Amino acid sequence: MTELIDVTPEVPTPRARRRRRLRDTSLRLRLIIAAALAVVIALGAVLSVGLYEVKHELRHNVENELRSAANAQTVVGQQNPFDGSQSFRLPPQSAGQVTALVQLIDNTVQKVVPPQQDLTLPVTPADRALAALTTSGVERLRDVTVDGMHMRLLTVSGGNNLALQVALPLTAVDREVHHLALAFLLFGLIGLVVAALLAWLAAGAALRPVRRLTSAAEEIAATRDLTTRIAETRRDELGRLAGAFDSMLAALQSSVGAQRQLIADASHELRTPLASLRTNVEVLHDIDRLPPSMRDDVIAGIMTQLEELTALVADVVELARGDQPDVHLEDVSYERIVEHAVARAKRHWPELRFVLGSSPVMVRAVPARLDRAVNNLLDNAGKFSQPAGQVDVALFPDGRLTVRDHGPGVPLDALPHVFERFYRSDEARALPGSGLGLAIVAQVAESHGGRVSLSNADDGGAVAELWLPPLATVPVEQGIPVPVG
């Protein structure tokens, strides 16, 4: 039964679409929006607090005027409105430039003694409860609306089943707060515009290195020119980013140059053995006409050239690894690597005497690459040793491996170049090899955090030293190399 697969594209949610639009927005615009939002929040908080404080202060002034008006009513005409008189009439009380509305209530729903005024203040059960108190001077403040007018109402208990109510309009306060809110809003809008403008200018200045970085990257992508540099001198994060970009370009340029040089050198070195191999293969067309001895020589020559090509290709592949970090590092017994390499060298150079003195050393390395490096050092010493000569090999507890031959040594003018790829001195051109052995040793040493050197011994011959950082150092009395010939 055929299974049907739904290939309907997933429809993004509104939230996902908003995120995508935000990601597609330019960094400069996002910085401006973030700065504007920060200013709006800060200004909104400051202006809101300021408006609240002003409003609170104005209403507090009104409440003080209400208390003054209430105190004045208690002594009008030498009469006390709280003496229980049923015929007492409260005249309107002036509070500043505004006339206060006053009235007297009891603790029931019947009695309201308004002054000589057309408006009556609202009475609630809470006001009646206040009138029922036996303690005088207890206050209650609230906002009320009387005939469409916003007012502040003060109810004061008299302690004799009566309460006095005094109200003042809040029209002036509301108008002042409204005007102040408009002024604050205008100020906030101006601040927002100024903040957005400053953020636009600041973002433009801050992102100028990013624009140069982008332009440089686009130019490199279009022209493949790795010599382009930003040369940013500022010391902030963007300056460090530009410097890191320049360093990356320099490293990439060096890597590409090294690869091109490796290809050019390998092509040059491959021409000679390939031409010789082609000549010998062409001779195979007439191999039946050749005498047996010449026939064997041709076949042996082809096999030798194939071996040289195989070794050369292996060396080129090893060098093509470059200085990339090794991901297969493991704890390796350095002395076992050296012992196995010396054993192979004895079989490869049976006419030479290899003397080994080794100490227990553990290093962090790739076994195959370290074995290749040690083998190349031994092979190099074998090529330059005298017939029936001796090669001294010593591994020390501090991770130093020395390989010394007793040959003619290295010419002084060749010493600075012995670790270069395909370099061969005039004395070495007649010997087999491609000039890549020591270059591979140098590359292995560098990739493992070590070092390599080659120098001439005082009493003749050359001394190569390969050092790798040891994981642990054994006691000196247990780590002296013991010669084994």
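Predicted model: local features only at pLDDT ≥ 70, side-chain atom pairs only at ≥ 80, totals over all residues.
**Helix packing and charges over rings**

Let me begin with helix α9 and helix α10, the latter covering residues 437–447, which pack at an angle of about 145 degrees with their axes 9 Å apart. Here an axis is a line fitted to C-alpha atoms, for helices over the stretch in contact, and an angle runs from 0 to 180 degrees between N-to-C directions. Helices (H or I, at least four residues) and strands (E, at least two) are DSSP runs, numbered from the N terminus.

Residues are numbered from 1 along each chain as its sequence is written, and side-chain values use heavy atoms, with hydrogens and water left out.

Coming back to the pair, α9 passes α10 in a left-handed crossing, a crossing being left-handed if the near helix is turned anticlockwise from the far one by less than a right angle, and right-handed if clockwise. Contact, meaning heavy atoms within 4.5 Å, involves residues of α9 including Leu370, Ala373 and Leu377, and residues of α10 including Leu438, Ile440 and Val441. The residues of this contact of α9 with α10 divide into seven nonpolar, five polar and two charged, where Ala, Val, Leu, Ile, Met, Phe, Trp, Tyr, Cys and Pro count as nonpolar, Asp, Glu, Lys and Arg as charged, and the others, Gly among them, as polar.

Helix α9 (residues 367–383) also meets helix α8 (residues 334–348), and their axes come within 9 Å and cross at roughly 45 degrees. The two are therefore oblique to each other, since angles under 35 degrees count as roughly parallel, over 145 as roughly antiparallel, 65 to 115 as roughly perpendicular and the rest as oblique. In this case α8 passes α9 in a right-handed crossing. Among the residues making the contact are Ile337 and Val338 of α8, with Leu370 and Val374 of α9.

What about helix α4 (residues 171–206) and helix α5 (residues 208–223)? Their axes come within 4 Å and cross at roughly 45 degrees. The contact is made by Gly204, Ala205 and Ala206 of α4, together with Arg208, Pro209 and Arg211 of α5. Elsewhere in α4 sits Gly191, which, leaving aside its neighbours within four places in sequence, is in contact with Val39 and Leu43.

Finally, which residue lies over the face of Trp467? Arg451 does, at 4.4 Å from the ring centre, and the charged end of Arg400 sits over the ring of Phe396, 4.3 Å from its centre. A charge sits over a ring if NZ of Lys or CZ of Arg is within 6 Å of the ring centre and within 35 degrees of the ring normal.
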